[in-house]
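Please look through the sequence and the model shown here before reading on. The briefing that follows is grouped by topic.

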Amino acid sequence: PGGERTDNGSSADDYRWAASMRILVSCPVMEIGGAERVVVQLVKGLVERGNEVGLMGALGSLDSDLADVPHERFVLPAPSRSVISVGRVVVAMRSVVRAFDPEVIHAQNVLHAALAGAAGRLALRRRPAVLSTFHGLNPGELRLAAKLFRAADAVACVSEDLVRVLVAAGYPASRAHLIRNAVDPAVPLTVERSEALDAELNLCA
């Protein structure tokens with residue numbers, strides 16, 4: 001079994017830079033959530049800068065936000081912590097790494113960082129560098145996370161506090177970096193839309 005591949009048919013003609021790297025973004029499932037919205041921004045930004053981008057993970061509602069962005073989509077089994085499920089995901093990831101041959105894998109989850117590292121070693125091709133973003137965990141899970149993150153070459157922590165607690169849990173300080181999440185600026189509401197929301201929420205004076 002392997003990751004099901006779906007080619008996004010959008011043209012890259014509107015993107016100004018020549019391709020520079022092959023980057024595979026890994027996310028457990030593209031459903032609505034903060035980390036998943038970061039993935040949408042990440043894929044868009046990487047493509048705009050001329051990179052060849054793949055995205056692997058289970059399908060979700062936020063895939064529609066990338067419908068017009070040229071990238072390769074690899075569908076993985078739905079996430080689960082069972083041993084059998086984890087094994088299936090590793091096998092699928094290995095197939096994706098062989099097919100896409102990335103230079104870098106960017107994993108958005110502690111478990112996906114560990115699985116991506118394993119898949120990269122098992123693919124029997126050049127070993128891609130593994131980068132992971134750390135969005136936070138319960139304190140009781142930090143020591144295990146620090147061990148799993150060792151499969152990654154570097155971890156981007158979204159706050160100074162996360163850098164501190166991850167290093168305190170045993171992750172090498174030289175590989176933990178502070179990179180805050182970016183957000184798209186909010187589009188100002190038109191007067192008509194503002195009035196409609198006021199009426200809907202019964203906020204009118």
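## Briefing on the predicted model

A search of the whole structure finds 0 disulfides, a disulfide being a pair of cysteine sulfur atoms within 2.5 Å. This is a predicted model, in which local features need pLDDT of at least 70 and side-chain atom pairs count only at pLDDT 80 or more, while totals for chains, interfaces and linings use all residues. Residues are numbered from 1 along each chain as its sequence is written, and side-chain values use heavy atoms, with hydrogens and water left out.

**Cysteines**

- Cysteine 27 has a relative accessible area of 1% and is buried, where buried means under 20% relative accessible area, exposed over 50%, and partly exposed in between (1.4 Å probe, protein chains only).
- Cysteine 157 counts as buried too, at 0% relative accessibility.

**Aromatic rings**

- The count comes to 3 aromatic pairs, by a rule under which rings of Phe, Tyr and Trp (its six-membered ring) pair if their centres lie within 6.5 Å, with planes under 30 degrees apart counted as stacked, over 60 as edge-to-face and the rest as tilted.
- Phenylalanine 134 and phenylalanine 149 form an edge-to-face pair, because their ring centres are 5.4 Å apart and their planes stand at 75°.
- This pair links distant parts of the chain, 15 residues apart, since phenylalanine 134 is in strand β6 (residues 129-134) and phenylalanine 149 is in the loop between α4 (142-148) and β7 (154-157); helices (H or I, at least four residues) and strands (E, at least two) are DSSP runs, numbered from the N terminus.
- Phenylalanine 149 also pairs edge-to-face with tyrosine 171, at 6.2 Å centre to centre and 70° between the planes.
- Tyrosine 171 lies in the loop between α5 (160-168) and β8 (176-178), and phenylalanine 149 in the loop between α4 and β7, so their pair ties together parts that are 22 residues apart in sequence.

**Arginine 22 and aspartate 101**

- Arginine 22 lies over the face of phenylalanine 100, at 4.1 Å from the ring centre, where a charge sits over a ring if NZ of Lys or CZ of Arg is within 6 Å of the ring centre and within 35 degrees of the ring normal.
- Aspartate 101, in the loop between α2 (83-100) and β5 (104-107), counts as buried at 18% relative accessibility.
- Leaving aside neighbours within four places in sequence, aspartate 101 is in contact (heavy atoms within 4.5 Å) with Arg22, Val96, Arg125 and Arg126.
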